[in-house]
Amino acid sequence: MKYQCHLKSIISIDKYLRVFVETNSLGIFLPKIIVSSSIAISLPICNYSYIKARDFEKNGKSLIRLPIRVALKCLSLKRDKNALNFVINSIESFENDIEVICSFKFIQALQSNDIELLSKIPKSDLHNHVALGGSRKIIKELSKKIIPPLSIRFKSISEMNEWCESNVKQPNDYETRVRAAFMQARRDGIKIFTPSIAVFVKNNISTVDYFTGYIRSLIEEFSNDMKIYPELTLDREKYSNDLKDLVKKLLDTGFFYSIDLKGDEKLGENKFREIYSMAKNYGLICKAHVGEFADAKHIIEAIQTLNLDCVQHGISAISDNHVMEYLLRNNIPLTICPSSNYYLSRVSSIAKHPIRELYRFGINVSICSDDIAIFDSSVSNEYLTLFNNKVLNEYELNEIRIYGLNFYNN
Ligand SMILES: [Zn+2]
């Protein structure tokens, strides 16, 4: 009998592997699983099989394909009766498992280039500067402002900021733009949302209490549709002596889950060490924009200086194997924003985006939007663009999607 390779069709959910097989297929190929109890079952009436792989280790380099014969009429795999029982007992819940159904739909939506369907499938956005997180369409709906299409690629953040000042922002429109970001997340099926809120909004918000009250009201309004994990964002270029007190006051409100640092990477992170140490004591996830413009070594420096749990962008890691190994070993995930990287001239094309190698190396990545009001690409569109440019296949993208949905459970 000729075995077909279905390695590409493996998705993992939680601690289990779930493998799609073709209807009537009698054989599948599986990655070598370092576990004593693994078993597969194929049902002719369904187009999937199910595998328990308790200790499956993801290691792109050593996926050795191991043929396992599967036959419905004589369950010939007797290596582990417990695993077999587990599979049989799990079939019903598997059939009704909403995550499995969503995975099927997600894969189908990518294959059929269906952005509408993609936008209905649960996703995360873990890197969204909320003041610029709304789409052109929603901003126009809310404020009549027409943001022109982006016809150039920026060479720096300051160039982008200039463009943004003259093409996106209007006087006293901060709250409208923030609302647009929440509406955008809802319309795009974002179920795990990290609105990144810049601490320096003095021009837009009169007092800290007003500011926190406003954000709190948005969270209440949108929390039926998604889980919201607000992030407090600092700026390397806007350090001041009273910043620590302000951050403390904001953290005391209790609704921030993470802290982030953006701005010119050349300024380093030393000044923020104390604030990050305080944030850690508050139990926050510590993140920073690094490795977007700076070289790979700076990523490790920033991680060590600020005790980071997650890196925003971090794409320059691709140029240094040692840095990639460091991220992998220390389980530091990257929030990746492909269109942003393209329009800020960090990659020559989407097709050459390093997310492919970073992900296949084993580093955890999520796919995010950054600034939708500028780059005009929703999270759904980011997935579709990566798929259409053959950067990652649909199963890999689904695994990334699931990783993002579980980000706050890990
Ligand atoms: Zn960003």
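Two residues are taken to be in contact if their C-beta atoms, placed from the backbone, lie within 7 Å. By this criterion, 73% of the contacts in the protein between residues at least 6 apart in sequence join residues at least 24 apart. The model examined here is predicted. Its secondary structure comprises 16 helices and 14 strands, and 43% of the 410 residues count as buried.

Helices H6 and H7 form one of the helix pairs considered. Two packed helices are described by the angle between their axes and the distance between the axes. For H6 (residues 174–187) and H7 (residues 208–222), the axes come within 11 Å and cross at roughly 25°. Because angles under 35 degrees count as roughly parallel, H6 is roughly parallel to H7. The crossing of the two helices is right-handed. On the H6 side, the contact is made by Glu175, Val178, Arg179, Phe182 and Arg186, which meet Tyr214, Leu218 and Phe222 of H7. By residue class, the contact of H6 with H7 contains five nonpolar and three charged residues, and no polar ones.

Helix H9 (residues 273–281) has a buried side and an exposed side. Ile275, Tyr276 and Ala279 of H9 are buried. These residues lie on the same side of H9, because they cover an arc of only 95° around the axis. Arg273, Glu274, Ser277 and Asn281 are exposed on the other side of the helix. Just after H9, Gly283 adopts a positive phi of about 85°.

Burial in helix H15 (residues 379–388) takes another form. Eight of its 10 residues are buried, so H15 is largely enclosed by the rest of the structure. The buried set begins with the run Val379, Ser380, Asn381, Glu382, Tyr383 and Leu384, and also includes Leu386 and Phe387. A residue with positive phi is found after this helix too: Lys390, which follows H15, has a phi near 55°.

Notes:
Residues are numbered from 1 along each chain as its sequence is written. This is a predicted model: local features need pLDDT of at least 70, side-chain atom pairs count only at pLDDT 80 or more; totals for chains, interfaces and linings use all residues. A residue is buried if 20 or more other C-beta atoms lie within 10 Å of its own, exposed if 12 or fewer, and partly exposed in between; C-beta atoms are placed from the backbone. Helices (H or I, at least four residues) and strands (E, at least two) are DSSP runs, numbered from the N terminus. Axes are lines fitted to C-alpha atoms, for helices over the stretch in contact, and angles run from 0 to 180 degrees between N-to-C directions. Angles under 35 degrees count as roughly parallel, over 145 as roughly antiparallel, 65 to 115 as roughly perpendicular and the rest as oblique. A crossing is left-handed if the near helix is turned anticlockwise from the far one by less than a right angle, and right-handed if clockwise. Ala, Val, Leu, Ile, Met, Phe, Trp, Tyr, Cys and Pro count as nonpolar, Asp, Glu, Lys and Arg as charged, and the others, Gly among them, as polar. The arc is that of the directions from the helix axis to the C-beta atoms.
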